[in-house]
Amino acid sequence: MFMWWSAVLLLGCILLGADGWPVKEGYDFRPYQPLVRLRHKQEKNHESSRNKGYFGQDGHFGSCENKYCGLGRHCVVNGKTGQAECLCMEHCKPHYKPVCGSDGEFYENHCEVHRAACLKKKKITIVHNEDCFFKGDKCKPTEYTEVKNMLLDLQNQRYIAQAKDKPVGEKMALKKVLVDQMFNYFDSDNNGLVDTNELSQVIKRDELGKEPSDCSVFDLLKYDDYNSDKHLALEEFYRAFHIVQLNLPEDQKISTTAATVGQSCVLSCAIQGTLRPPIIWKRNNVILNSLDLEDISDFGDDGSLYITKVTTTHMGNYTCYADGYDKLYQTHILQVTVPPVIRVYPESQAREPGVTASLRCHAEGIPNPQLGWLKNGIDITPKLSKQLTLQANGSEVHISNVRYEDTGAYTCIAKNEAGVDEDISSLFVEDSARKTRKYCLGIGNMFYVFYEDGIKVIQPVECEFQRHIKPSEKLLGFQASFCPKADGDPVQRCVWATAVNVKDKFIYVTQPTLDRVLIVDVQSQKVVQAVSTDPVPVKLHYDKSHDQVWVLSWGNLEKNSPTLQVITQASGSVSHHTIHTQPVGKQFDRVDDFFIPATTLIITHVRFGYILHKDDPTLQKIDLETMSYIKTISLKDYNCVPESLAYTHLGGYLFICCKPDTTGAVLPQLIVDSVTDSVIGYNGDVTGTPHISPDGHYLLSIDDAKGLMRIQSITVRGEIQDAFDIHTNLHISDVAFQPSFTEAHQYNVYCSSSTQTDVLFMELSSGKVKMVKSLKEPIKAGEWPWNSKNRLIKDSGLFGQYLMTPSKESLFILDGRLNKLNCEITEVEKGNTVIWVGEA
């Protein structure tokens, strides 16, 4: 029994080691938390307190099924009475996790504490006190540490004497060298083990017994003989002197983990070793352990990283290392997959025999989905011919010279490793198709142009006016016209700034000189409401996730009193009003601009937006639901006052264009990780205004001063890669992205000019460039004070073939499929506020 408790006592000492004890001044070896972690946990073994039953002495089986006995006790069926009884446990499962009891005794584990409490019939709690581990021994922890430091000192003197020309730079590396040499010095017979005789020889040889102390070199064997074999191996020396030994298998230095959006994910660090310090996790060189993140919520005892609900923002690289040992690290590549989401166009169409029909399919997902088509449930691939073809990597079914037998339900199917989605586009071939609108255009599939003489609704295919809402028309239910005549102006003119589409039901448009927002009903094509705002409303954004329109007002033309307001329930047929956002420091007049990421087919909810304050090197993060500020992201270290932003959900990056500094120098873009709200650093040497393609895969940066467009790609691993540069003197005003008509999962971009008559077309996948020329001069920048886009360019949605760009007195409609001018509509002055309503 004495040997058993000696072993227990020694094993406890080993685990405590020198972790919690002072280290001699001069070594500065970093302490860590002891490996012993005290937990309140019932032992789970065959003698636990809840058992189904036992045989009594008479052989009868009694039930303990519903008998709960509490900690330290178990259920036994009495052989005489047949009744289930609770008795103190005879023994606990062998498990060395030493703890101290409130009775001052040392226990091997929690179970032993509870068993002792049962046997002694008194309450015993677990206390965090090391003294009981050494109770009854004269050698105290501090004195034992002094003995080990003394041994290190002696070995260091020998080392200095023997290796003057071989200095070891790092203290921990030097300490390991000293312990290795000390072990060899102690192990006189070179058998890899140190015993009492060898310790005696060291004491005698180095005259170590002369100092008055309650501790001696023999205590190494007493307290650090981990396996109680009366010998000390090198590993036990490492534990005694707290030498950290870490290892990471070569094939695990890079680990790839795949997770689907919405799932939870665990990244486990493979770094192991003796006395391993706590594991540190980094993302983009930012330590995660110290951050209070909702979605990265827990760091387990085993050093794992838990992501509770994976999104595409979480993709990218994560590194782990033991605290203080960052040269040995493991890289985890988190790949996030997203099931396909699909849309088809048109949902239904009618065609006469002999004409052409086209059915298009757009799918998004990660990785890019593979597309296939069925007709009435049967694969159309075997039936492909000159008359029936697949185009744009299978995203479009093209049927020339349609016949009656082409009538059917055409199902587009998108598949990737994360899932499947499908949708149906119906085609009817019939003689009565003349009665059906040829281009499937309804009330919604139109451009709405806001110009001096009111509002024009234009069908782009034939360039037809569908409706002209004149300035004199009355507001619904009011006598006043929606564009009242200004004092001293003989002509009734409208002044507009920006507009947004709200679910194809309403258009919200600002009237900056009248301090209000008008609401246009798409179905009736009438102005149905005027919402008062703060003075000079100039910018709108529709937050689809929360069905609210954000309004930026300047206060005056000098922008001295800017404010942010929100119109809630924007798509509802209710009486609307504005709500102010929460001020910062009780001041509303610091707002310079705001940015809210756009939703996509696969990113349907956006929770946060960002507010830019005048001359302030910060980003203010705002909760869109509560409309309140929640965090300040400082850019001061980079001397960056943000001017414009772009966002990609692939890795959750924000790209920030900084204003020129006081000397006029232009800084590179900054990259902020929206997961940690931390600045990663500069985007290389990329400068200019950032724009992100709708799928998040391309970053287009325009530096007007340099005449340079930089295109970068963003991979599905969240990696930012340089693609190509385009040099242009076009002085780009606005940018519009359009899905490619020749390749699935690709986008083209159109750029209008603020000074010239041309529009630039570019394929993002190849860098191919083309100019659409002679589109007349734009409105002069001085005549358009509301924003920097004095020549807008507007696309026509996910499947839209057409784009619109205004000149000073005309509208130009471009054919995106053919990359050419479709038509010009004249006598539309200052029509620089354009909205598309509809699917196509």
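## Terms and model

Two strands count as paired if DSSP finds at least two bridges between them. Strands here are DSSP runs of E with at least two residues, while helices are runs of H or I with at least four residues, both numbered from the N terminus.

Welcome to a predicted model, in which local features need pLDDT of at least 70, side-chain atom pairs count only at pLDDT 80 or more, and totals for chains, interfaces and linings use all residues. Residues are numbered from 1 along each chain as its sequence is written, and side-chain values use heavy atoms, with hydrogens and water left out.

## The whole protein

The protein has seven helices and 56 strands. Of its 840 residues, 52% are buried (under 20% relative accessible area, with a 1.4 Å probe and protein chains only).

## A sheet of three strands

Let's turn to an open sheet, whose three strands follow the order E53-E54-E55 with antiparallel pairing. Strands E53 (802–806) and E55 (820–826) are at the edges with a single partner strand each, so one side of each has no neighbour in the sheet.

Strand E54 (residues 810–815) runs antiparallel to E55, and six bridges join the two. Within this pairing, Phe 812 has Glu 824 in E55 as its bridge partner.

## A hairpin

Another pair to look for is strand E22 (residues 388–391) with strand E23 (residues 396–399), antiparallel and joined by four bridges. Leu 390 is found opposite Val 397 in E23.

Together E22 and E23 make a hairpin with four residues between them. In the turn, Ala 392 has a positive phi of about 50°.

Note on methods: Buried < 20%, exposed > 50% of the residue type's maximum accessible area, 1.4 Å probe, protein only.
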